Amino acid sequence: MTASRPEVLLGLAGGATAIAGVVGLTGLLITLTALVQLTFVVYLLRHALFALAAGAGAAATKVNAEDSIGLVAVAGCPAVSVLVACHNEQSVAADLVTALQRLRYPPGLAQFVLVDDGSTDATAGLLESHSAGDRRFLVLRRPAGGAGGKSGALNAALPHATGDVIVVFDADHQPEPDVLVRLAGHFRDPTVGAVQGRCRIRNPHSSVLSRLVAIDYAAGYLVNEYGRHAVYGLPAYGGANCAVRRDLLVDLGGWNENSVTEDTDLTVRVMLSGFRVTYDIKAVDTEEAVETLHQFWRQRYRWARGHQQVCRDYRRAVLCSRRLSRRDRVELLMFLFVFHVPVVSALGLVLLVAWLVHPLAAVTSIQAPLFVLWTLLFLGPLLELGCGMLLSGVSRRAVSWIPLFIPLFVVSIALCAKAWLDGVLGRRYAWVKTARAGDAVVLQPRPAHGELVA
């Protein structure tokens, strides 16, 4: 992530200058305001469509534990390999192994490959001790300083995987016992290349922020992801609690080690290859939410930086793809530009200030800046948040938390705008691990490992 694209900034500046030269500064403000409005209206309609789809299919979002009884007896389950990349994860390592051991799957068809990715704490020893005696587990030690972050660790594990289906969890994830069967069952359809399950937050009461993240996840998986699946059949492969066909993954060259959002990158490559990504809302696992604003910024900045890079890498290929229908190309492009929408919001704030200081503002209507302000209220995301709260069955008192998303949206505007500018300027950025709740308490130094050994 180092390639500079200053021509983007020059092009934008040149275009604005050309418009101003033709229609004047006021005309430029009107033009840019109209473009901001159009962007928000289009995405508002998209949010509304997903909310309607989720509401109409509300029954499908209800997870009934009893309906998974006997699933492990279903014939034709493919062999699966579960891969987990672990970097300084001693605070969650024991719980991870326990959760994986609880997974139900036909005997002899499940393998677990855990990669200690150059940890400097006790991660490797904990993984080995807690999985000792269970022949399904293989613990690999990757040298410290290995390239590619999570992608590099998963690629290091791939040659050791024996399954026809590769399932990925993050180290802090704890899947429900039926998740493997649910995910793997979709690969009976030869058109399916990857499957995504649903993630829930298990520590919503740890902080105000973790509660907001839990609501955000409910909206993301019950409304946005479900809506993309129900309306377009184009859900995203999310990078954890997900599965991919091994042969396809190998053909695609594994995970992209140059991307800090390897999940989004793989989503697009799977779709461009002619395979489908599908979504199983009942394949549920839990994960930790970030608890501080600093952790939130680091995590979401990585998401924004990586997603925007994937957009730059593949937007032309998506636009020209002959394997995707016109409708699919439009939706996939809108998905790729999602982390650019807050950048447009930042432009909207600049336009708002420009309108307020405009020489005619004191003697004319200020409807234009107020219209820009309306777009900044994020009606679409708020609609999804509300729908997600209803579907997840949270208490009515939780509605009082909705206003707290407004400052969180402002933070998102800032981090996405910074990510975009850093990406355009080619500033260096590498994959960073999301901190766990117990890291500060238990983290201790550990010598780096040498060779990758079983």
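Select Leu385 first: it is buried, with a relative accessible area of 4%. (Buried means under 20% relative accessible area, exposed over 50% and partly exposed in between, with a 1.4 Å probe and protein chains only.) Leu385 belongs to helix α13, residues 379-392. Helices (H or I, at least four residues) and strands (E, at least two) are DSSP runs, numbered from the N terminus.

Before moving on, note that this is a predicted model, where local features need pLDDT of at least 70 and side-chain atom pairs count only at pLDDT 80 or more, while totals for chains, interfaces and linings use all residues. Residues are numbered from 1 along each chain as its sequence is written, and side-chain values use heavy atoms, leaving out hydrogens and water.

Stay on Leu385 and show its neighbours. Leaving aside residues up to four places away in sequence, Leu385 touches Ile215, Asp216, Ala219, Ile402, Phe405 and Phe409. Contact here means heavy atoms within 4.5 Å.

Zoom out. The protein has 15 helices and 8 strands. Of its 454 residues, 52% count as buried. Take the contacts between residues at least 6 apart in sequence: 85% of them join residues at least 24 apart.

Next, select α14 (residues 405-425) with α11 (residues 341-356). Their axes come within 8 Å and cross at roughly 105 degrees. That makes α11 roughly perpendicular to α14. Axes are lines fitted to C-alpha atoms, for helices over the stretch in contact, and angles run from 0 to 180 degrees between N-to-C directions. Under 35 degrees counts as roughly parallel, over 145 as roughly antiparallel, 65 to 115 as roughly perpendicular and the rest as oblique. On the α11 side, pick Pro342, Val343, Ser345, Ala346 and Leu349; on the α14 side, Ser412, Ile413, Cys416, Ala417 and Trp420. This contact of α11 with α14 divides into 8 nonpolar, 2 polar and no charged residues. (Ala, Val, Leu, Ile, Met, Phe, Trp, Tyr, Cys and Pro count as nonpolar; Asp, Glu, Lys and Arg as charged; the others, Gly among them, as polar.)

By class, the contact of α9 with α14 has 12 nonpolar, 3 polar and 5 charged residues.

Move to α3, residues 123-131. Thr123, Ala124, Leu127 and Ser131 are buried here. Look down the axis of α3: the buried residues fall within an arc of 100 degrees, so they line one face of the helix. The arc is that of the directions from the helix axis to the C-beta atoms. Cover for these residues includes β1 (80-86), α2 (93-101), β2 (110-117) and β3 (137-142). Just after α3, Gly133 takes a positive phi of about 90 degrees.

Finish with two asparagines. Most residues other than glycine have a negative phi. Asn88, in the loop between β1 and α2, has a positive phi near 50 degrees. Asn88 is buried, at 13% relative accessible area. Asn241, in the loop between α6 (208-232) and β7 (242-245), has a positive phi of about 55 degrees. Asn241 is buried too, with a relative accessible area of 0%.
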